[in-house]
Amino acid sequence: MKKPILKGIIFDLDGVLVHTDEMHYQAWKQIADRIGAAFNREINNRLRGVSRMESLEIILENAKPVSDAEKLILADEKNAAYKKFLETLSEEDVDGDVRMVLRELKNRGIKLAIGSSSKNARFILEQIKLTDFFDAISDGNNIQRSKPDPEVFLKAAEFLMLEPAECAVVEDAYAGIDAAVAGGFYSVGIGDASGYDRADMKIRRIAEVLNLVNP
Ligand code: B16
Ligand code: MG
């Protein structure tokens with residue numbers, strides 16, 4: 001897609017603004033080890049942007065079958081372990097330049113939203129003290145379908161009262177780029193997704209987001 005004149009930018013959270021992805025990995029690893037499921041960072045990459053229950057299904061591909069009731073218990077256990085890690089998060093865990101970029105975008109009149117699959121997104125934003133930068137938060141609590149479905153970003157645009165074509169989505173997950181493309185957004189890949197062909201723009205550093213809008 002050709003770069004549009006942007007009025008809003010929707011940021012994914014985990015893997016873009018803060019590296020809770022390592023905490024997800026460590027929490028899932030505890031569960032996987034306990035149930036004897038093979039799990040490594042390559043499999044973990046498939047969990048990026050994917051909901052908690054869908055992540056569990058991916059992990060269970062390498063384990064003995066478990067009942068639906070046990071799946072709920074495993075997902076709760078993982079979330080409890082993950083939340084313990086989240087308790088340790090602070091402002092210092094935010095990626096370099098994030099605050100500068102968000103402040104500068106606001107100065108340039110751009111509306112900002114979060115588009116995250118996580119049900120813990122608001123807690124994370126409070127921990128890292130970024131909540132006040134955002135005009136809207138769309139997360140795992142207000143969607144039925146997770147990425148690669150565009151719902152989380154479509155809701156974010158709706159909350160900002162903007163059209164998808166007026167917004168860019170910044171994502172680290174292949175599933176997130178697929179969701180952005182499906183929703184008609186300008187897609188920006190960073191981190192893992194900086195090597196993904198479907199991203200309209202690929203960046204190495206968050207500061208490059210500023211190239212999307214005029215000073
Ligand atoms: P929770 P994002 C996603 O966050 C993570 O990338 C993904 O690994 C996780 O399973 C998902 O949130 C759900 O998280 O268990 O906290 O609800 O990248 O969309 O910000
Ligand atoms: Mg992410």
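**View 1. Residue classes in the shell around ligand 1.** The shell around ligand 1 comprises six charged, eight polar and four nonpolar residues. Here Asp, Glu, Lys and Arg are charged, Ala, Val, Leu, Ile, Met, Phe, Trp, Tyr, Cys and Pro nonpolar, and the others, Gly among them, polar. The model is predicted, with pLDDT of at least 70 needed for local features and 80 or more for side-chain atom pairs, whereas totals for chains, interfaces and linings use all residues. Numbering runs from 1 along each chain as its sequence is written, ligands are numbered from 1 and chains lettered from A in the order in which they are written, and side-chain values use heavy atoms, without hydrogens and water.

**View 2. Contacts of ligand 1.** A side-chain N or O atom of Asp14 lies 2.6 Å from an oxygen atom of ligand 1. For Lys147, a polar side-chain atom is 2.8 Å from a ligand 1 oxygen; for Leu13, a backbone N or O atom is 3.4 Å from one.

**View 3. The magnesium ion (ligand 2).** Asp12 (OD), Asp14 (O) and Asp172 (OD) coordinate the magnesium ion at 2.0 to 2.1 Å. Along the chain, these donors (N, O and S atoms within 2.8 Å of the metal, or 3.2 Å for Na, K and Ca) follow the spacing D-x1-D-x157-D. Asp12 and Asp14 are both buried, meaning under 20% relative accessible area (1.4 Å probe, protein chains only).

Methods
Buried means under 20% relative accessible area, exposed over 50%, partly exposed in between (1.4 Å probe, protein chains only). A polar contact is a pair of N or O atoms within 3.5 Å; within protein, one must be able to donate a hydrogen and the other to accept it, and residues adjacent in sequence count only if both atoms are side-chain atoms.
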